[in-house]
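Please brief me on this model.

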Amino acid sequence: MPTILGQNQYGKAENRVVRIVRDGATHHIKDLNVSVSLSGDLDEVHYSGSNANVLPTDTTKNTVFAFAKEHGIDSAEQFGIHLARHFVTSQEAIRRARIRIEEYAWERIDGSAADGSRRTAADAKHSFVRKGQETRLSQVSYDGERWQVISGLKDLTVLNSTDSEFWGYVKDGYTTLKEAYDRILATDVSARWRFNWTDDGQPAPFWEESYEQVRARMLHAFAATYSLSLQQTLYQMGSSVIDGRSEIDEIRFSLPNNHHFLVDLEPFGLKNDNEVYFAADRPYGLIEATVLRDGAQPQIPVDLTNL
């Protein structure tokens with residue numbers, strides 16, 4: 001045989017599942033996008049087309065929806081754990097399951113009407129609006145013995161209108177950028193963090209609380225850091241998470257530098273005293289780095305699109 005089979009996996013991608021919990025008149029919502037990927041003893045289906053070891057991808061889709069009913073969705077991480085454990089332990093041919101989840105957050109619509117009147121309480125308890133801009137992420141991998149849980153977020157847009165500088169950099173014959181001693185610093189945070197929970201003998205983290213606290217620590221560090229570079233801000237954000245959350249050993253960021261350039265208003269006889277900017281969407285600087293707990297080994301892939 002002139003060729004051999006390399007790494008392979010299969011599953012059902014992007015299963016959109018919405019779970020509503022009705023607590024009397026008060027409803028609760030979880031909105032997930034779940035992708036299942038399975039690998040193991042699957043050589044023969046590639047070589048000869050035999051499906052003897054293949055669990056249909058349609059079955060994996062059905063399992064996602066059935067588990068939403070049977071187990072509920074306490075958190076994206078816990079839901080992924082239920083699914084990964086099921087596929088590895090119920091299918092002899094499957095050695096490893098990877099579950100990727102995006103969660104879309106919702107919040108209740110305020111019962112106050114625009115005219116100052118009040119709707120009924122019952123109306124407010126089941127009306128929602130998509131919350132924020134960021135998307136919560138989770139990836140759960142299981143090989144029958146050990147877990148790897150990587151959580152994260154993307155599209156969390158933040159901006160500091162001052163307390164940011166950029167100067168003292170290398171200059172050559174192609175450098176035109178002027179040094180800045182008071183600039184806008186803005187980015188769309190994409191981050192992944194890895195939990196040190198790896199086996200069922202350990203107490204599992206409180207997934208919901210952990211996510212909220214990580215997000216809060218990143219935002220606080222971004223706001224509190226007087227920044228001389230986006231790299232410095234990134235490191236402060238990561239250090240705040242590692243120092244404050246003992247369940248996390250590694251966090252990786254991908255931060256585009258969303259440039260804001262001062263507009264030249266002199267042709268109009270106007271002085272621009274750091275007031276009017278042009279927000280450029282491209283090209284942009286892209287700053288990426290991992291922050292680790294001392295002694296921890298990096299495991300989050302450098303290419304965040306290849307989790």
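Buried residues, those under 20% relative accessible area with a 1.4 Å probe and protein chains only, make up 41% of the 307 residues in the protein. This is a predicted model: local features need pLDDT of at least 70, side-chain atom pairs count only at pLDDT 80 or more, and totals for chains, interfaces and linings use all residues. Residues are numbered from 1 along each chain as its sequence is written, and side-chain values use heavy atoms, with hydrogens and water left out.

**Overall build**
- The protein has 6 helices and 12 strands, taken as DSSP runs (helices H or I, at least four residues; strands E, at least two) and numbered from the N terminus.
- Its C-alpha atoms fill a box of roughly 75 × 65 × 35 Å along the principal axes.
- Of the contacts (heavy atoms within 4.5 Å) with a separation of 6 or more, 67% join residues 24 or more positions apart.

**Phe 87**
- Phe 87 sits in helix α3.
- Phe 87 counts as buried because its relative accessible area is 0%.
- Beyond its neighbours within four places in sequence, Phe 87 is in contact with Val 36, Leu 38, Leu 55, Thr 60, Thr 63, Ile 94, Ala 97 and Ile 99.
- Phe 87 and Tyr 181 are 94 residues apart along the chain, and their C-alpha atoms are separated by 55 Å.

**Glu 92**
- Glu 92 lies in the loop between α3 (76-90) and β3 (94-103).
- Glu 92 has 77% relative accessibility, so it counts as exposed (over 50%).
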